[in-house]
Amino acid sequence: MSIEITKSYRAYKKSPYKSIKHSSYFPVYDHLFCPYIGKEITFVEIGILGGGSLFMWREFFGESARIIGIDLNPEAKRWEKEGFEIYIGSQSDPHFWEYFKNEVGNIDIVLDDGGHTFEQQIITVENILPNIKDTGLIVVEDTHSSYMSEFGGPSSHSFVEYAKNIVDGINFRFGQFSKKRHEKSVYSVTFLESFVVFNINRELSAIESHPTNNEGIDLNISHGNAGTVTLQKKLPSLFKQIKKVRILKSALANIYGKISKTTIYKYAKNLNLRKYFKY
Ligand SMILES: C[S@@+](CC[C@H](N)C(=O)[O-])C[C@H]1O[C@@H](n2cnc3c(N)ncnc32)[C@H](O)[C@@H]1O
């Protein structure tokens with residue numbers, strides 16, 4: 001596919017000021033942002049010093065969009081005279097976010113193209129999330145930093161690992177799990193090359209998860225349980241030898257039941273799946 005056909009690339013090329021972006025980003029921008037074109041949205045970009053991307057987004061979204069820029073460098077204030085709202089502060093400073101949220105209110109899209117450290121990215125998501133509207137997005141760019149040694153990657157506390165943890169929180173919404181810890185605002189997370197997207201929707205996230213029944217004819221077909229490894233399967237030869245000795249059999253079942261609950265057992269059971277984890 002030629003990136004030249006994307007709306008975002010055309011807007012990028014029209015910007016009068018310098019911006020440097022990777023070629024693979026333009027289809028991502030179109031995929032994520034086209035539904036918002038021409039609408040009265042509030043779009044916030046973190047990292048705007050050169051100004052090129054501010055003009056790009058105004059061209060892309062149209063005049064109805066409120067385009068807000070954030071940068072650490074006070075020189076970015078120069079873009080105010082071009083009609084953009086500019087805030088100076090650090091994305092890793094929760095006090096800055098408090099001030100910013102009070103000033104700006106609710107937001108449709110945040111695009112983080114700031115400093116790309118794990119701390120900056122994580123603090124940004126944590127602080128801006130309450131102000132993102134339902135159906136809004138938090139888009140974190142250049143997430144390849146999670147794999148780069150100069151940013152401290154790979155690490156169990158990288159930004160991508162943080163995003164995977166949000167996926168855990170989404171799955172903890174499942175009805176059978178304790179409701180002590182589950183994600184209440186992020187409906188889904190999208191992983192793309194160099195991007196993580198948090199799709200915000202509190203209403204959908206709040207849907208109670210419980211079994212339902214369509215009251216159709218029940219053929220009583222056993223569902224089985226492909227994930228259960230039975231005692232007989234695990235210890236067949238031993239069982240053949242002792243199957244007539246009832247007491248021994250029940251004692252063995254008891255021991256096996258205890259073993260199968262241990263972490264070591266669960267780890268060993270899934271070792272054969274290791275080969276499917278390619279990266
Ligand atoms: C990659 S550039 C942004 C490029 C711009 N988005 C574009 O496409 O033309 C990164 C910007 O992030 C800003 N920045 C770095 N650390 C920051 C922080 N902690 N808070 C806010 N902005 C930061 C830098 O001053 C710089 O302007």
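Is Ile20 buried or exposed, by the count of other C-beta atoms within 10 Å? Ile20 is exposed, with 8 such atoms. A residue is buried with 20 or more other C-beta atoms within 10 Å of its own, exposed with 12 or fewer, and partly exposed in between, C-beta atoms being placed from the backbone. The legends below start with the whole chain.

This is a predicted model, in which local features need pLDDT of at least 70, side-chain atom pairs count only at pLDDT 80 or more, and totals for chains, interfaces and linings use all residues. Residues are numbered from 1 along each chain as its sequence is written.

**View 1. The whole chain.** The chain has eleven helices and seven strands. These are DSSP runs, with helices (H or I) of at least four residues and strands (E) of at least two, numbered from the N terminus. The radius of gyration is 26 Å, whereas a compact globule of 279 residues would have one near 19 Å. That radius is taken over C-alpha atoms, and the globule rule is 2.2 Å times the number of residues to the power 0.38. Along the principal axes, the C-alpha atoms fill a box of roughly 90 × 50 × 45 Å. Of the 279 residues, 28% count as buried. Among contacts between residues at least 6 apart in sequence, 57% join residues at least 24 apart. Two residues are in contact if their C-beta atoms, placed from the backbone, lie within 7 Å.

**View 2. Helix H1 against helix H2.** H1 spans residues 7-14 and H2 spans residues 25-33. Their axes come within 7 Å and cross at roughly 115 degrees. The two helices are therefore roughly perpendicular to each other. Axes are lines fitted to C-alpha atoms, for helices over the stretch in contact, and angles run from 0 to 180 degrees between N-to-C directions. Angles under 35 degrees count as roughly parallel, over 145 as roughly antiparallel, 65 to 115 as roughly perpendicular, and the rest as oblique. On the H1 side, Lys7, Ser8 and Tyr9 meet Phe26, Tyr29 and Asp30 of H2. By class, this contact has three nonpolar, one polar and two charged residues. Ala, Val, Leu, Ile, Met, Phe, Trp, Tyr, Cys and Pro count as nonpolar, Asp, Glu, Lys and Arg as charged, and the others, Gly among them, as polar.

**View 3. The loop between H1 and H2.** Ile20 sits in this loop. Its C-alpha atom is separated by 8.7 Å from that of Ser53, 33 residues apart along the chain.

**View 4. The shell around the ligand.** The ligand is surrounded by 21 residues, the closest being Ser19, Gly47, Leu49, Ser53 and Gly115. A residue is near a molecule or strand if its C-beta atom, placed from the backbone, lies within 6 Å of it. Strand E1 (42-46), helix H3 (52-61) and strand E2 (66-71) are the elements that give two or more residues to the shell. By class, the shell has five nonpolar, twelve polar and four charged residues.

**View 5. Helix H3 under cover.** H3 is mostly covered, with seven of its ten residues buried. These are Ser53, Leu54, Phe55, Met56, Trp57, Phe60 and Phe61. Their cover includes H1, H2, E1 and E2. Gly62 follows H3, and its phi is positive, near 100 degrees.

**View 6. The loop between strand E5 and helix H6.** E5 covers residues 132-141 and H6 covers residues 159-171. Asp142 is found in this loop. Its phi is positive, about 65 degrees, although Asp142 is not a glycine. Asp142 is buried, with 21 other C-beta atoms within 10 Å. Pro154 lies in the loop between E5 and H6 too. A cis peptide bond joins Gly153 and Pro154, with omega about -15 degrees.

**View 7. Glu215 in its loop.** Glu215 lies between helix H7 (202-205) and helix H8 (231-234), in the loop. Its phi is positive, about 65 degrees, although Glu215 is not a glycine. Glu215 is exposed, with 6 other C-beta atoms within 10 Å.

**View 8. Asn171 and His182.** Asn171 has its place in helix H6. With 10 C-beta neighbours inside 10 Å, Asn171 counts as exposed. Asn171 and His182 are eleven residues apart in sequence, and their C-alpha atoms are 7.6 Å apart in space.
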